[in-house]
Amino acid sequence: MADSENQKFCLQEVLESFKSCLSPEKEIYIEHYVSGWRGLVKLLNSLGSLFGFISKDAVSKTQILMNFLKSENGPHYATVQSMVKFELDNELVDVDKKGIYPESGCRTLLRLHRALRWLQLFLERLRTSKEDDKTSVMCRDAYNESLAQHHPWLIRKSAGVAFYSLPVRLAFFEVMNVGTPEQVVDVLGKAVPLLCEVYQITEELYQKHNLHDLP
Ligand code: 1PZ
């Protein structure tokens, strides 16, 4: 595991990454998008071994995108928009669902994009939660409303088991590493709309190019 993944999670840092991933023209820089996810992986890693399978998948998806970014085609992978154009123009995407490109940038990012919807729903629930609300229920409800529809039974089951082991609300706020519960709520108030914007831009781009069902 890379050193950065062993370091302590900080919500503020994740917020900064997602902030810097938006260009003035509202393009999404893949490098910063990936570093936002890498930040979130630190949180997953601090939650114990039941979350290991989720963290592994998130790391492998971010690695695929980083490899593209470091490859000779790197400049085409600077933004989500340029990646979509490059992979479509060069027929590097399974638009006809043949499964020839199981690691295309477009299908890999689609998985993280769907997870971003879960994150947005979960953090909004957390932000507006009351003292006695259960993080496991917030997490499960957000998951059922989003990612679960894309996962087979076994993954849904394992995710469900992991959710039960989440720390209680106040302990979870401490893991966020930004200060008092009020400060956490404050940072979440900035983070959620930002994640929403990044999600929406990607969503529209994928809709426009009919990329929502990539295998
Ligand atoms: C705070 C609690 C964290 C709970 C995380 C909730 C998300 C549950 C996701 C369960 C994913 C299980 C592992 C692998 C699934 C893959 O099969 C799928 C589809 O990829 P494919 O098989 O088609 O290549 N992968 C995904 O759906 C991407 C999942 C990324 C999850 C990132 C979570 C980051 C959590 C941040 C914590 C705040």
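The largest pocket is lined by 40 residues, and Leu 44, Ile 54, Ala 115, Trp 118 and Leu 147 lie nearest its centre. This is a predicted model, where local features need pLDDT of at least 70 and side-chain atom pairs 80 or more, while totals for chains, interfaces and linings use all residues. Numbering runs from 1 along each chain as its sequence is written, and side-chain values use heavy atoms, without hydrogens and water.

A pocket here is an open set of points on a 1 Å grid over the protein atoms alone, where a 1.4 Å probe fits, with protein on both sides within 12 Å along at least five of seven lines; lining residues have an atom within 4 Å of a point. The lining divides into 34 nonpolar residues, 2 polar and 4 charged, with Ala, Val, Leu, Ile, Met, Phe, Trp, Tyr, Cys and Pro as nonpolar, Asp, Glu, Lys and Arg as charged, and the others, Gly among them, as polar. Helix H6 (105-127) is one of the helices that supply at least two lining residues, and H6 gives the largest share, 8 residues.

Now the rings. The whole structure has 7 aromatic pairs, meaning ring centres within 6.5 Å, with Trp taken by its six-membered ring; planes under 30 degrees apart are stacked, over 60 edge-to-face, the rest tilted. Phe 18 and Tyr 33 are edge-to-face, at 6.0 Å centre to centre and 80° between the planes. Phe 18 sits in helix H2 and Tyr 33 in helix H3, 15 residues apart; helices are DSSP runs (H or I, at least four residues), numbered from the N terminus. Phe 18, Tyr 33 and Trp 37 form one aromatic cluster.
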